[in-house]
Amino acid sequence: MSFDDVPAMLRDAKQWVARKEKKPCDLQGRSGGWQNSDFWISFEEAKAGIESNPGMFSGLGFVIARHPERGDKQLIGIDLDACRDPRTGWVSPWAAEILRKLNSYTELSLSGTGFHVWILGKLPEGMDSAESEGMEPITLPPDVWAFIKAIKKNAARCNTIEIYEDGPRHFAMTGSRVTDYSADAEYRPEVLSELLGLCRCSAGPSGDSGLPEWAVEMAKVAAGKRLPPLNILDVIDTRGWEQCGHQLRGPHPTLGSSTGHNLVVDPEAGLWAYMHNGINSGGDAWLWLACECGAVPWEEAGAGKLKDKTIVEKTIAYAVSRQLVNAEDVIREPEIRLLRPDDEPGAIGIAPDGTVQTVTTDPKGNKELKWVSDCAIGIYLETQEDRRTEFVFRGKGAKDGRPVEFTADADVVSESRKFRALMINYFGARNRLGKLDFETAQRLSRNTILRERVTIPRWRQNIPLVPGVGLAGDVVFRLAQQTPAMVCDGDIGAAKELFRDMLKLRRYSSLLLTTILGAPVFARWFKNDRIGIALWGKTGSNKTTIAQLFTAIYGLGYLDDRTLLKHGKLGGTQVGAMEVLLNAGILPRILDNVKATDAKDALAYIAIIQAIMEGGEKLRGKREGGLRTTNEFLVTPIVTGEIKVSEASTSARILNLTWEKSQDMANLTSIQSRVKYLPVIGYHWLRYLAANTHDLRQGFEQKRSEMATSYAAKGYVNPGRLANIYCLLRGIWTLIENGPFGEEAKEFHDEFLNALNEAIEAQGLEVTSETELARFLNAVRNLRASRPDLFMTGGLPNSSDRIIGRENELGLFLLPEETLGLLKQMGVFTQVPSENSITKALKEEGYLREIKDRRRLNITKINGIKVSGWWLKPDWDDDLPEVDEASHKSRGTEPSTWEPKSISLGGSPTKPTFLEKSKTYRGVGGGNEEKTYDRNVWDSGSNRLYFPSFSFVYNF
């Protein structure tokens, strides 16, 4: 079964369902409520759903329904039946002529005895459908009619035609296209008018549909009832009845019939009508049961009868006894119990005056009412999450009619004092509380709704619990204000165009969008391998604006600057930031305005990223003993900033991109004008992920291992992290190409791969240069050039008051404590490494001379004193990795190709020394532009200016 030929207009319509045989159903196999538009899904979702559940469904279906925006080009479904021999393919001349005139997209019907034709057009005003009486079977060859009759046992006539614009009406889609006719749904108003001449027509609710107008109206509100839907053919026995179009006619099974057809049943609409001696009653399946059990007289069946609670309860009990429903499947409206005349002593409820009263007895045993409270209250909703319960109370004050609704935790209502305080607060001074407590409220409550509470977007098995996805009807969302998630369905065509424009917005747009779409995937299938992405760029590069736009596929609230999580002093505390990131759940979250200029902010950033990527908070103990419950991070961080924090292990977990400024703002402006379609992208993407039942980790480990080996061969540190980023983004991109926006993504396949390879290579070089060892060795090399007085040369004593090592033909010897202390003062490291970590790294990379006697450090003498330290080999600085300067540009420097012509220091030091950190020094570049630097080292002897914060030296 292939649906590759389905025309675009049908594909793009959100009117698809799965089906079992000819019966429409959702992806869980349920058919109830299929007439409602909320039931229908997109073509991509339906197709993915049946493909991922082989054997569960028979195929796809399309629900025909009118859409005002289509105007006079509605999708019209035409059913030609009993006109084809499925054995030979022979077609009756009558049907062949109609097909020739229509010349539009045509499929074989499910039985193979007819055709479904799709055209564009419009039926006359007030008309929903039309059908013909058909022809006598004699018009077909006898063997053909016999074969059709064997397949369609209820068929009475051949060459029938049915035309539908609204209903709704379900057509089983077979994908068996008849290639003799057009591949598109063509506009055929003239042919449609001709065909209507062959038919009798059915109007909408205001016309003659064969059922009373009020009965048709019941079909519209049936889905809104809290009674579960029933198949009317399971309720009414229609075996042997006459088929009249899409209706069945026969005798009333209980009351009988002199004519044999006083009862009409419409299976598609789920309605029945009883017509006898002027009586014209009827309704849906539940009203039939109400009549059948005696709760409603047959002649009085009509709209409004099921509003009586006594009738409803009796009908439900009867339906349960017939095993049509389970008692727990019936959802009744929450209510506050009313007192009844037959209540026994001890019963409690609402009296006619609106007060809460209880039934008691006087000394003689006579029943009487006793006042309890003026505050009529019941539990409307109970929600649970992580074994924490919340209650939503609703009620009304008896004295002033004040409506009341409030929410309270279980730990609050369990304490009488706190519960009474809540009640007094909401009911006010005029309504006396009396002895009403939580237990009394429980006794007053009827049919409390039970729901799962969702405070953090998360997965529940294969369902993404995100507002608007609509796949979980048993949840209530209580997301934090800083998590404004809300997807929605809409114009999929417009969303696809927007998706395409987003991909071509910037060089790395595809990487950003892939990471954002990948966030729920990482959280579900790759919890321990999650990644983030960072956009580093100058002011005016629109990095934050674009990150907000792309994140808004999960909700337009992300466009509000008030929901931005600002880093550093302009934002909240580190604890507050962690809470916001925790509440993001499986969705991405922007961490904005990250800069490395402040050491505390830099350390806070490192701590945040490390905690997020590790997946949980630090373990903390309780005063009374044991460990506190720690939270799980599932978020994908989207970092934006100007000045990158250089710390290798942090950088390795985030794909760091240089976000360039663009002069072309037209595309960005165009995207901003169409933001309403962003949540449509998120809606279809999340539902696509929900339909996926495959293990996305299959083959991932092997590919990651291969890529890690490749990156290790290039000399990159952390090759496993690089391979992880690469494989995750490649995997998400493959998902995108096979999803609802696949055609658009495939247009950018090569651009995505080029951008990914380029970004990974840059990341590998950058992280390698950010390791503790690389920064340590580069700083030592620069010190040796700018401050030779810090090092003894050969065996000569040194008169300097500060020595950190000595150098001779054996190599360079360094004193660990003195060297690390000086480098810390110079600001070389974001996080100062320990002596042990540097020792271990030097050994592993082969920089140290051989150490004898299993000692940890080398031994030598400086100024006659025996000391231990690091003795680097003579060639230790031949092939040092260059420290990345781009990450430091925003500290006031340009790339190292900028050569100063002159420099003014306001009086140069007479000997090599450190200048005061608080002072500012200016240099003039080749274009006579002034540059400001601080924390510099001037060596008057070698005429060099060393910038330790930036790890490079300018020679004059």
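Reply: Let us begin with a definition: a charge sits over a ring if NZ of Lys or CZ of Arg is within 6 Å of the ring centre and within 35 degrees of the ring normal. In this predicted model, Arg-432 lies over the face of Trp-371, at 4.0 Å from the ring centre.

Me: What makes Arg-87 another case, and over the face of which residue does Arg-87 lie?

Reply: The ring belongs to Phe-147, and Arg-87 lies over its face at 4.4 Å from the ring centre.

Me: How many aromatic pairs are counted, and why is the pair of Tyr-711 and Tyr-716 called tilted?

Reply: The count comes to 24 aromatic pairs. One of them joins Tyr-711 and Tyr-716, with 6.3 Å from centre to centre and 40° between the planes. Centres must lie within 6.5 Å, and planes under 30 degrees apart count as stacked, over 60 as edge-to-face and the rest as tilted; therefore these two rings pair, and their angle of 40° makes the pair tilted. Both tyrosines, Tyr-711 and Tyr-716, are buried. Elsewhere, one aromatic cluster is formed by Trp-16, Phe-43, Phe-62, Trp-118, Tyr-164 and Phe-171.

Me: How do you know whether Cys-293 and Cys-488 are buried or partly exposed?

Reply: Buried means under 20% relative accessible area, and partly exposed lies between that value and 50%. Cys-293 has 19%, and is therefore buried. Cys-488 has 32% relative accessibility, so it counts as partly exposed.

Me: What places Leu-465 among the buried or the exposed residues, and which residues is Leu-465 in contact with?

Reply: Leu-465 has a relative accessible area of 1%, and because this is under 20% the residue is buried. Its place is in strand 27, residues 463–465. Beyond four places in sequence, its contacts include Glu-452, Val-454, Ala-472 and Phe-477. The C-alpha atoms of Leu-465 and Val-476 are separated by 9.7 Å, and these residues are eleven apart along the chain.

Me: What describes the protein chain as a whole?

Reply: Its secondary structure comes to 27 helices and 45 strands, and 51% of its 956 residues count as buried.

Me: Where is confidence lowest and where highest?

Reply: The mean pLDDT of the chain is 81, with 83% of residues at 70 or more. Confidence is lowest in strand 39 (residues 902–904), at a mean of 31, and highest in strand 5 (residues 105–108), at 96. Over residues 201–225 pLDDT stays under 50, as it does over residues 884–956. Where pLDDT is low, predicted coordinates should not be read in detail.

Conventions: Residues numbered from 1 in each chain as written. Predicted model: local features only at pLDDT ≥ 70, side-chain atom pairs only at ≥ 80, totals over all residues. Heavy atoms only, no water. Phe/Tyr/Trp six-rings, centres within 6.5 Å; stacked < 30°, edge-to-face > 60°. Buried < 20%, exposed > 50% of the residue type's maximum accessible area, 1.4 Å probe, protein only. pLDDT = per-residue confidence, 0-100. Helix = DSSP H or I, 4+ residues; strand = E, 2+ residues; numbered from the N terminus. Contact = heavy atoms within 4.5 Å.
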